[in-house]
Amino acid sequence: MTNRLGDATSPYLLQHKDNPVDWWEWGEAAFADAKRRDVPILLSVGYAACHWCHVMAHESFENADVAALMNANYVCIKVDREERPDIDAVYMEATQAMTGNGGWPMTVFATPDGAPFFCGTYFPVKPQMGIPSFEQVLHAVGEAWRERRDELESVGFDITEKLGAADSLPAGGAITPASLAAAVRELAESYDATNGGFDRAPKFPPSMLLEFLLRHAARTDDATALDMVEGTCTGMARGGMYDQLGGGFARYSIDNSWIVPHFEKMLYDNALLLRVYTHWWRQTGSELARRVATETAEFLLRDLRTPEGGFASALDADTDGVEGATYVWSPAQLEEVLGSDDAIWARQLLEVTPLGTFEEGLSTLQLRVDPSDVDRWNSVRQRLFAARSARPQPSRDDKVVTAWNGFAIAALAEAGVLLEDPSYVDAAAAAATLVLDLHYVDGRLRRTSRGGRVGRSAGVLEDYGALADGLLALHQATADGRWLSAAGELIDVALAHFGDGDGGFFDTADDAEQLVRRPRDPTDGPTPAGASTLAGGMLSYTALTGSGRYREAAEAVVSRAMPLVERYPRAAGWAAALAEAMLAGPVEIAVVGSAADRAALERVARQTVSPGAVVVAGDPDGAGVPLLADRPLVAGEAAAYVCRGFVCDAPVTDIAALQAVLART
């Protein structure tokens, strides 16, 4: 028999459908049952690719005795943090306030009204390292609820009050070159000049910071900013956190040198990093950047694309319950696949050692130097990848998340035009079509779908912002007016339903389910802050349409974030990147002419690194493409029109003239 999770769309919830725990999905019925029984809520939050979520599930949720204790004393609710980021945000804030840290699985005990009074993360099956066992926690909380209920309810009330009091945003600051220079100096203080990245392990890919530093270097020629990008991007790409055989990045590195990853592969990381490496290649011509961008795009298309045309959320960290089992190698395994001579060569190249760089004599694969024998490397790589593909594979969380697909659409659209691979643009268009057709229901976005079945959870702010941004990148790649129109509609919905009336934004809509607090987080996490994501879309929309009110709304968001940008830039990298775009732009570049005639001009235009630039190429007066309106051919020839701040230069028809104009932007 399954519990109530058997009809869920979330792969994470479905992982728990056979637990002996009497799980509920989040909803009114669960809270009503807690009130009827007069017992606390036990809220468990995680996600499908989470290693420690699996561990706690195997140890406790699959244990009949533990489940009986849970069922007798609590109403147990299971939440997929990726499906309900609003719930996760509210209760993670409470967890961090109570414990000083957070993470997943997140375990929260709350009153029947949802007020949290005791929080934690992973609880082991037996006490260890000062952490009580989960059974001990269950007994202690249950006893406290029966004997000191007033005290627990008072704690829940106080926590809820404090969360509500933290709702206001700080006063903003001016968007100035000095503030952005201060952010670069602050980042340089924590930069790891040996390995790349910031501070010490664990190291997460700092995608938004890298985008900011690239834009800052482009606007100011700041060598320090570009050095931090090159050091970090090189370190990540050369280490074991990058999949040297199949492409794509793991979620983070547990060491300073990017050698041993936490092996789950997330769509959002790889989409954001694809964009970074594509932009790094555009800015520097780095062959490493181009290779990694290409391989990461291929990973997205090969391993994460769903049959419906969207992109799945993640690949699991575990294979058959063992973390990283698919990806690591011993010297003997290399020899079995490659033979003696190639195995010896590959061991040295990929740093596979007898002792291992991971666990139990197994090593991750690193590529610290490019092989001199490229043909030999290609043969070795192909044979190892084929052998690895025959191993058991990690499971895939195949739900389609609106925001993360927005990131993928943007990255693939840009990579497609810059790396001149139309298949990437086609994949971006297919994902955009799926999300708009399936997730946009009655004029509002839903958060997820799976197998062509849309979920019930309402879209949050990042869904609107990221999808709009992706559609605008796709509009630039294709000159198709439908993407611009859809992006504008999404932005208008977000402005109408997520704004706070004072230039800021909440992460949930004004008519969304009311939680103990209406969440809003101005800081970047693994993905950009929702408000910053929307602001990025509004900036691009302004440049593509000339509508100034969207730029004003974007400037209000970024202004609010400037104190964070200057003092704590690691928490506001995307806002800093937008500030760079505001100082540099808008720069509008329109290239008109037939595809063949405009190709050379278009290639030059798309290589511009100005942070505030948008580029559209197509036929003059293309339908639904404002940037091409009233921009005819010049004497029958293809032409490029360049405007900065809505003031335009004379059109040019040759490459040298266009390069000269762009050099002044």
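Here follows a short exchange on how some features of this predicted model get their labels.

Colleague: What do the labels rest on?
Modeller: This is a predicted model, where local features need pLDDT of at least 70, side-chain atom pairs count only at pLDDT 80 or more, and totals for chains, interfaces and linings use all residues. Residues are numbered from 1 along each chain as its sequence is written, and side-chain values use heavy atoms, with hydrogens and water left out.

Colleague: Why is α21 called oblique to α22?
Modeller: The axes of α21 (residues 548-567) and α22 (residues 573-584) cross at roughly 125° and come within 9 Å. That angle makes α21 oblique to α22. Under 35 degrees counts as roughly parallel, over 145 as roughly antiparallel, 65 to 115 as roughly perpendicular, and the rest as oblique.

Colleague: Which residues make the contact?
Modeller: On α21, they are R551, A554, E555, V558, A561, M562 and V565. On α22, they are A575, A576, L578, A579 and M582. Contact means heavy atoms within 4.5 Å. By class, the contact has 10 nonpolar, no polar and 2 charged residues.

Colleague: What makes β5 mostly covered?
Modeller: In β5 (residues 116-120), 4 of the 5 residues are buried. Buried means under 20% relative accessible area, with a 1.4 Å probe and protein chains only.

Colleague: How do you know that β4 pairs with β5?
Modeller: Pairing takes at least two DSSP bridges. Here 4 bridges join β4 (residues 106-110) to β5, and the strands run antiparallel. V108 has C119 as its bridge partner.

Colleague: Why do β19 and β21 stand at the edges?
Modeller: The open sheet has the order β19-β18-β20-β21. β19 and β21 each have a single partner strand, so one side of each is left without a neighbour in the sheet.

Notes:
Axes are lines fitted to C-alpha atoms, for helices over the stretch in contact, and angles run from 0 to 180 degrees between N-to-C directions. Helices (H or I, at least four residues) and strands (E, at least two) are DSSP runs, numbered from the N terminus. Ala, Val, Leu, Ile, Met, Phe, Trp, Tyr, Cys and Pro count as nonpolar, Asp, Glu, Lys and Arg as charged, and the others, Gly among them, as polar. Buried means under 20% relative accessible area, exposed over 50%, partly exposed in between (1.4 Å probe, protein chains only).
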